[in-house]
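Dear colleague,

I am passing on the structure below, together with an account of what was found in it. Please read the notes with the model open beside them.

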Amino acid sequence: MMALVPYEQTSLPVLSKFHDASAEFYFANQRLRLTQDWRRLGVAAVVWDAAIVLSMYLELGEIELRGKPAIELGAGTGLVGIVAALLGANVTITDREPAMELLRANVRDNVSPEQQGAVTVSELTWGEGLERYPKGGYDIILGADIVYLVETFPALLQTLEHLSSDRTAVLLSCRIRYDRDTAFLNMLRQKFSVEEVHYDAQRDIHIYKAVKRQNKEEL
């Protein structure tokens, strides 16, 4: 399971914002209002700092988005994919089936009718049904706070390998909380070249860029 788990109401101030019905942001010269649903879907249905920082990074223009095929994994509320679409990418926004209704609503509410054609919302459980997605078919793969459950690491790596060509930029935004987070980066380095491209000290969020290593027979 990928953390689509309801959490009980908490009195911790740092978590109180997650119980709000929506969260507002300003990206790509547009005010965005993302619906959240912590009670029903848990951590997958709230906007985490990693998504905010990755959206800010996309706005910096370090990665060319206009006209590029992109895919967001474990999208949750869809903030990152929506921002990428508003910045010109053709984006497939994915998560597991329980998140589909929330994702579609957030895309509908925050992407203009003229830009709706640049966004596809699609169910994807890592490691399953990958043949439905073009092998190596994306120039950009986006993931915000998707590295946290050890049992999902092999399927996540398999998914990244399937979706990537040697020209694909994989951008992973995360907070390094535990040894297991570093362990995934080490797994990733077996198949990809990985570098840290951004660090938000205020939020303690790292952004890593990974590019698939070429097989010797392809060189």
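Leaving aside residues up to four places away in sequence, G81 touches E72, V91 and I93, where contact means heavy atoms within 4.5 Å. Before going further, please note that this is a predicted model, in which local features need pLDDT of at least 70 and side-chain atom pairs count only at pLDDT 80 or more, while totals for chains, interfaces and linings use all residues. Residues are numbered from 1 along each chain as its sequence is written, and side-chain values use heavy atoms, with hydrogens and water left out.

G81 has its place in helix α4; helices (H or I, at least four residues) and strands (E, at least two) are DSSP runs, numbered from the N terminus. G81 counts as buried because its relative accessibility is 0%; the term buried stands for under 20% relative accessible area, exposed for over 50%, and partly exposed for what lies in between, with a 1.4 Å probe and protein chains only. Eight of the eight residues of α4 are buried, so this helix is largely enclosed by the rest of the structure; they are L79, V80, G81, I82, V83, A84, A85 and L86. After α4 comes G88, with a positive phi near 115°.

L86 and S112, which are 26 residues apart in sequence, have their C-alpha atoms 9.0 Å apart. S112 itself lies in the loop between α5 and β5 (119-123), and it counts as partly exposed because its relative accessibility is 24%.

N106, by contrast, has its place within helix α5 (residues 100-110) and counts as buried, at 0% relative accessibility. Residues up to four places away in sequence not being counted, N106 touches R33, L34, T35, T77 and I82, and I82 is one of the buried residues of α4.

**Helix α3 and the record**

Helix α3 (residues 49-60) has twelve residues and reaches 17 Å from its first C-alpha to its last, close to the 16 Å expected at 1.5 Å a residue, where the expected span is 1.5 Å times one less than the number of residues. Since nine of its twelve residues are buried, α3 is largely enclosed by the rest of the structure; these are D49, A50, A51, I52, V53, L54, S55, Y57 and L58. What covers them includes β1 (22-27), α4 (79-86), β6 (140-144), β7 (169-174), β8 (192-200) and β9 (205-212). The residue that follows α3 is G61, whose phi is positive, near 80°.

In an unreviewed entry, UniProt lists residues 41-58 and 70-93 under "transmembrane region"; its positions are given in the numbering used here, feature names are shortened, and annotations may be inferred rather than shown by experiment. Over residues 70-93 the chain of the model is 33% helix and 33% strand, with the end C-alpha atoms 9 Å apart.

Most residues other than glycine have a negative phi. A28, although not a glycine, has a positive phi of about 50°, and N29, also not a glycine, has a positive phi of about 60°. A28 is found in the loop between β1 and β2 (30-35), and N29 lies in that loop as well. Are these two residues buried or exposed? A28 is buried, with a relative accessible area of 17%, whereas N29 is exposed, with a relative accessible area of 70%.

**Packing of α6 and α7**

Helix α6 (residues 153-163) and helix α7 (residues 179-189) pack at an angle of about 35°, with their axes 11 Å apart; axes are lines fitted to C-alpha atoms, for helices over the stretch in contact, and angles run from 0 to 180 degrees between N-to-C directions. In this packing, F153, P154, L156, L157 and L160 of α6 meet R180, F184, M187 and L188 of α7.

**The chain overall**

The protein chain has seven helices and nine strands, and 50% of its 219 residues count as buried. Of the contacts between residues at least 6 apart in sequence, 67% join residues at least 24 apart.

With best regards
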